[in-house]
Amino acid sequence: MFIIDKLAYSSKLRYKNPAVKAAFAVGSLLICVGARSFVISLIILMIMGGLTVLSGRISVLRYFGLLMIPFSFLALSTLAIVFNLSEQPLNLFNIPIGTVYLAVSQNSLREGVLLVVVALASVSCLYFLTLSTTMIDLLTLLQRLRCPKLMVELMMLIYRYIFVLLDMASAISTSQKCRLGNKDFMTELRSVGQLLAVLLIRSLKKSSLLYDAMESRCYDGEIRVLNEYRPAEMRDAAGVAGYLAILIVLAVIL
Amino acid sequence: MNDQEKSSGQEAVLCLENICYTYEDGTEALKGVDLNILRGERLAIMGANGSGKSTLFLTLNGIHKPASGRVLFCGGPVDYSRKGLLDLRRKVGIVFQDPDNQLFSASVTQEISFGILNLGVAEAEAQKRVDQVIEELNITAFREKPTHFLSGGQKKRVSIADILVMDPEVIIFDEPAAALDPKHSAMVDEIIDELSAKGITVILSTHDVNRALLWAERIVLLDDGRILSQGTPEEIFTNEALLMRTNLEKPAILKIYESLCDAGILSRQLTLPRSADELQKIKRGEKLSQIKRQY
């Protein structure tokens with residue numbers, strides 16, 4: 001998650017309009033899931049991967065590494081779809097186990113492969129968005145889409161404080177290790193418990209300090225900030241619209 | 001206090017009258033503090049951890065309402081209504097010690113714009129002010145970075161910008177040099193000097209006696225929620241009994257100066273040196289007069 005955050009800030013697509021990027025990613029995602037077509041999913045996977053790696057300048061290895069995260073999870077669940085327990089032998093191959101068969105049919109194999117491709121393509125859509133758009137821009141976009149203000153404010157504070165808490169946790173954990181807090185399993189468990197307890201107390205304390213600091217700057221219950229919103233370039237918007245139209249046509253034809 | 005009024009004749013921008021403050025857990029943090037803060041002055045607050053410095057600061061901008069006593073701003077008692085507090089806080093800004101307790105947004109622009117938008121300034125005008133402050137404090141190079149990737153010194157500069165953008169009359173720095181490397185702490189010192197030069201009242205808390213001697217016009221020593229003593233740096237740092245009691249070290253320059261005087265190398269001056277440069281000047285002056293005497 002943190003590597004994704006870091007990559008988003010260094011992406012070459014960072015300064016493109018977030019609405020266009022979101023429309024591109026979410027539009028493709030909807031078409032991909034809606035069409036459930038092998039060809040369309042492959043097209044989307046190629047385009048998303050290509051754009052993320054080539055235009056966004058994210059290294060190929062890193063991108064594959066990220067794609068592998070859901071892949072292993074996906075592979076396991078696909079196995080359950082591809083293999084059936086059946087009393088009759090099926091048409092592709094069968095392994096007899098006692099009175100039943102562990103069997104694969106052409107249909108189930110097709111289903112399984114399709115599932116993998118559709119899922120990977122969907123993930124690639126989301127990766128495109130998260131690897132090219134910073135959380136700050138996404139929150140600005142949500143606000144412009146009239147998301148409830150309270151929710152956006154909460155997300156904004158949580159996003160900021162994830163990193164502060166993480167720093168705190170890692171400092172505490174280091175100091176525990178320096179005092180052999182991880183010498184065996186039981187000690188380590190106890191250390192983690194204490195870490196969590198301290199973290200809770202400190203975050204409560206921090207939240208009250210933060211509140212004081214915000215009050216000092218005339219906070220009145222609503223967070224008002226200047227958002228940096230880059231207007232969409234016509235070329236990008238038109239490109240995305242054209243691309244989505246072609247995908248929809250393809251989805252209808254196939 | 002009499003000295004002050006005589007020497008300056010300046011008006012008090014903030015005035016504390018017998019302030020007591022007790023936290024919810026029963027800790028008495030302030031036990032009757034009387035303090036006049038003059039417009040445009042450079043005031044250093046010194047005292048051990050837990051002596052009440054931070055509580056004092058939060059009393060000055062109305063975050064803490066004193067249990068007894070009065071806070072006066074520009075001569076009038078502070079109005080603790082919503083509107084009165086907003087008025088006070090736009091004029092008295094605090095730069096907190098740990099930027100992580102102050103910066104609430106991941107975006108530098110969002111962060112800096114928060115205060116000024118709370119003052120009801122229109123967005124276009126606010127944008128202009130934010131850009132101006134970003135320029136002034138040399139934040140431009142990292143303004144596009146998220147706050148969690150900034151270094152300690154960079155975060156500090158953003159937290160100062162947070163306050164400067166609101167154009168306050170009084171700025172309070174709670175241990176501005178804490179956890180900063182020498183380069184960034186010098187940078188912060190420079191910013192503080194510029195603010196004083198502009199006529200802004202600057203209050204800061206510090207443990208650095210050398211810095212306090214060099215910078216402050218007046219030092220207030222806090223001890224266990226009370227003002228133990230106040231005066232010019234020279235008055236404070238030559239009072240051995242006081243230094244002993246508060247565990248403060250005498251500034252290095254004064255030590256050197258005094259041992260040079262004791263050894264008969266320098267003769268005692270009317271004004272004590274505040275920095276190494278000033279000590280050098282005294283030394284050079286003495287040499288010159290020695291040479292003159294020889295001829």
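The second largest cavity is lined by I136(A), L139(A), M156(A), Y159(A), S105(B), A106(B) and Q110(B). A cavity here is a set of points on a 1 Å grid over the protein atoms alone where a 1.4 Å probe fits but cannot get out, and lining residues have an atom within 4 Å of a point. This is a predicted model, in which local features need pLDDT of at least 70, side-chain atom pairs count only at pLDDT 80 or more, and totals for linings use all residues. Residues are numbered from 1 along each chain as its sequence is written, and chains are lettered from A in the order in which they are written.

The second largest cavity holds about 30 Å³, the volume being the space filled by probe spheres set on the points. Helices α6 and α7 (149-178) of chain A each supply at least two lining residues. Helices (H or I, at least four residues) and strands (E, at least two) are DSSP runs.

The largest cavity has a volume of about 140 Å³. Of its 17 lining residues, R14(A), I136(A), D137(A), E228(A) and S107(B) are the closest to its centre. Two or more residues come from α6 (135-144) of chain A, and likewise from α4 (108-118) of chain B.

Now the sheet in chain B. Its four strands run in the order β2-β1-β4-β5, open and antiparallel. Strands pair if DSSP finds at least two bridges between them. Two bridges join β4 (residues 68-73) to β5(B). L72(B) has P77(B) as its bridge partner. Helix α2 (residues 53-60) of chain B packs on the sheet, touching β1 (12-22), β2 and β4. Contact means heavy atoms within 4.5 Å.

Note on methods: Side-chain values use heavy atoms; hydrogens and water are left out. Axes are lines fitted to C-alpha atoms, for helices over the stretch in contact, and angles run from 0 to 180 degrees between N-to-C directions. On a 1 Å grid over the protein atoms alone, a cavity is a set of points where a 1.4 Å probe fits but cannot get out, and a pocket is an open set with protein on both sides within 12 Å along at least five of seven lines; lining residues have an atom within 4 Å of a point.
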